[in-house]
Amino acid sequence: MVGNDLESGVGGANRFGMRSAWTSRSSNYPAEPANGDQRPDLEIKLSHEGFDAFDEINASG
């Protein structure tokens, strides 16, 4: 799951057992995880980094 909201996107994916990537491009949501559920597996800071993140996720299974 790739998203910009640590609470509902990343947190929801992590609680469901999915891998998560967070893109910190929005100032509408908190920029720091409030708890362990909200810690993404990957952080994408620039849009082109997303392609490398997908490769990394796929390679790790």
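Biologist: What makes Met1, Phe16 and Met18 a nonpolar patch on the surface?

Modeller: This is a predicted model. In it, Met1, Phe16 and Met18 together have about 320 Å² of accessible area. A patch takes residues with over 30% relative accessible area and no salt bridge, and joins nonpolar side chains within 5 Å. Met and Phe are on the list of nonpolar side chains. Met1, Phe16 and Met18 form such a patch.

Biologist: Why is Phe16 called exposed?

Modeller: Exposed means over 50% relative accessible area. Phe16 has 68%, so Phe16 counts as exposed. Phe16 belongs to helix α1.

Biologist: Which residues of α1 are buried?

Modeller: Leu6, Gly9, Val10, Gly11 and Ala13. The buried residues of this helix pack against β2.

Biologist: Where does α1 run, and what sits at its start?

Modeller: Helix α1 covers residues 6–16. At its start, a side-chain oxygen of Asp5 comes within 3.0 Å of the backbone nitrogen of Glu7. Just after the helix, Gly17 has a positive phi of about 90 degrees.

Biologist: What makes the Asp5 and Glu7 atoms a polar contact?

Modeller: The cut-off for N or O atoms is 3.5 Å. The Asp5 oxygen lies within 3.0 Å of the Glu7 nitrogen, so the pair meets that distance.

Biologist: Is Glu7 buried or exposed?

Modeller: Exposed, at 55% relative accessibility. Beyond its neighbours within four places in sequence, Glu7 is in contact with Gly12, Arg15 and Gln38.

Biologist: Why is Gln38 called buried?

Modeller: Buried means under 20%. Gln38 has a relative accessible area of 9%, so Gln38 is buried. Gln38 sits in the loop between β2 and β3.

Biologist: Which residues does Gln38 touch?

Modeller: Leaving out residues up to four places away in sequence, the contacts of Gln38 include Leu6, Glu7, Val10 and Gly11. Asn14, Glu32 and Pro33 are also among them.

Biologist: Which other pair forms a salt bridge?

Modeller: Arg19 with Asp41. Their closest N and O atoms are 3.5 Å apart, and the limit is 4 Å. Arg19 is in the loop between α1 and β2, and Asp41 is in the loop between β2 and β3. The structure holds 2 salt bridges.

Biologist: What makes the 3 strands an open sheet with parallel pairing?

Modeller: The order is β1-β2-β3. Strands β1 and β3 stand at the edges, each with a single partner strand, so one side of each has no neighbour in the sheet.

Biologist: How do you know that β1 and β2 pair?

Modeller: Pairing needs at least two bridges. Here 2 bridges join β1 to β2, and the strands run parallel. Val2 has Ala21 in β2 as its bridge partner.

Biologist: Why are Thr23 and Leu42 called buried?

Modeller: The cut-off is under 20%. Thr23 has 19%, so Thr23 counts as buried. Leu42 has 11%, so Leu42 is buried. Thr23 is in strand β2, and Leu42 is in strand β3.

Biologist: What does Thr23 touch?

Modeller: Gly3, Asn4 and Ile44, not counting residues up to four places away in sequence.

Biologist: How many helices and strands does the chain have, and in what order?

Modeller: There are 2 helices and 3 strands. From the N terminus on, the elements run β-α-β-β-α. Of the 61 residues, 28% count as buried.

Methods: Residues are numbered from 1 along each chain as its sequence is written. This is a predicted model: local features need pLDDT of at least 70, side-chain atom pairs count only at pLDDT 80 or more; totals for chains, interfaces and linings use all residues. Side-chain values use heavy atoms; hydrogens and water are left out. Helices (H or I, at least four residues) and strands (E, at least two) are DSSP runs, numbered from the N terminus. Buried means under 20% relative accessible area, exposed over 50%, partly exposed in between (1.4 Å probe, protein chains only). Contact means heavy atoms within 4.5 Å. Patches are made of residues with over 30% relative accessible area and no salt bridge: like charges are joined within 9 Å, nonpolar side chains (Val, Leu, Ile, Met, Phe, Trp, Tyr) within 5 Å. Accessible areas come from the Shrake-Rupley method with a 1.4 Å probe; for residues, only the protein chains shown count as cover. A salt bridge is a side-chain nitrogen of Lys or Arg within 4 Å of a carboxyl oxygen of Asp or Glu. A polar contact is a pair of N or O atoms within 3.5 Å; within protein, one must be able to donate a hydrogen and the other to accept it, and residues adjacent in sequence count only if both atoms are side-chain atoms.
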